[in-house]
Amino acid sequence: MTGNQTPQASLKATFKQYCRQEAETASLAKHLAASLAHWMGLTPEAHINISLEGDLGAGKTTFARHLIQGLGYGGKVKSPTYTLCEPYELQSNQQTFTAHHFDLYRMRDPLEWQEAGFAEHFDVPGFCLIEWPEKAEGTLPAFDIQILLTAGLQENERSIELNALSEKGKKIVVDIKQRPIDT
Ligand SMILES: Nc1ncnc2c1ncn2[C@@H]1O[C@H](COP(=O)(O)OP(=O)(O)O)[C@@H](O)[C@H]1O
Ligand SMILES: [Mg+2]
């Protein structure tokens, strides 16, 4: 869990997929990108918080990279290991929005993200993707979606679960369950 949130029974919306290789993880991330783009088209000023949870090497950065590129970003998506946060300006349906990709693994203090001035990133239209939210020890704004990545038996296998943690998150998770996968 993210340290400060437990899914409520009324919010129960989960989407779980077994990915046998990175290409399948990429396809799931692009599927989420389509649901996010759709949702942001309906509510242009909205902000979504997404946690990415799993061990080192589980594929959190890889998932974030495919998600951001799935929303049309053509450049490199680097791991924010040293910068803590990388911003990406995105466009969809003639709207501009921002993705902030965080990796809090190296924080020395749970409030370092606030001292670095990152609190304002949680209000801008778009979304935050946060690796290692547990390092902030419950001081982050509430999450809408939790993404759990777990390694499988084979080297490239991953199990990836999307859990809704808010009504907003539920709309997106329900949308992804109903959305046909583009191949
Ligand atoms: N099915 C898969 N999904 C995601 N990553 C995979 C998969 N199979 C192999 N990988 C590899 O696992 C590594 C995951 O690293 P990374 O995304 O940096 O992990 P994390 O951010 O969780 O520490 C990458 O080298 C990626 O290419
Ligand atoms: Mg990472």
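These legends accompany several close-up views of a predicted model. Local features need pLDDT of at least 70 and side-chain atom pairs count only at pLDDT 80 or more, while totals for chains, interfaces and linings use all residues. Residues are numbered from 1 along each chain as its sequence is written, chains are lettered from A and ligands numbered from 1 in the order in which they are written, and side-chain values use heavy atoms, with hydrogens and water left out.

**View 1. The largest nonpolar core has 37 residues.** Such a core is a set of buried Ala, Val, Leu, Ile, Met, Phe, Trp, Tyr and Cys residues joined through side-chain atoms within 4.5 Å; buried means under 20% relative accessible area, exposed over 50%, and partly exposed in between, with a 1.4 Å probe and protein chains only. Look for L32, L36, F63, L67, F127 and I147, which touch the most other members. The top contributor is helix 1 (residues 22–42), with eight residues. Helices (H or I, at least four residues) and strands (E, at least two) are DSSP runs, numbered from the N terminus. Another core, of 15 residues, lies apart from this one and includes L84, F102, W113 and F118.

**View 2. Here are the contacts of F127.** Contact means heavy atoms within 4.5 Å. With neighbours within four places in sequence left aside, F127 meets L36, M40, H47, I48, I50, L67, L71, L90, F97, T98, A99 and H100.

**View 3. T61 and E131 coordinate the magnesium ion (ligand 2).** The donors are OG1 of T61 and OE of E131, at 2.1 to 2.2 Å. Donors are N, O and S atoms within 2.8 Å of the metal (3.2 Å for Na, K and Ca); water is not among the atoms, so sites may look incomplete. T61 sits in helix 2 (residues 60–70) and E131 in strand 5 (residues 126–131), so this pair links parts of the chain 70 residues apart. Both T61 and E131 are buried.

**View 4. C85 and C128 are in no disulfide.** A disulfide is a pair of cysteine sulfur atoms within 2.5 Å, and a search of the whole structure finds zero. For C85, the nearest cysteine sulfur is that of C128, 6.9 Å away. C85 is buried at 11% relative accessible area, and C128 is buried at 0%.

**View 5. Two loop residues, E137 and L165, complete the set.** E137, in the loop between strand 5 and strand 6 (145–151), counts as exposed because its relative accessibility is 60%. L165, in the loop between strand 7 (158–164) and helix 4 (167–178), is buried, with a relative accessible area of 6%.
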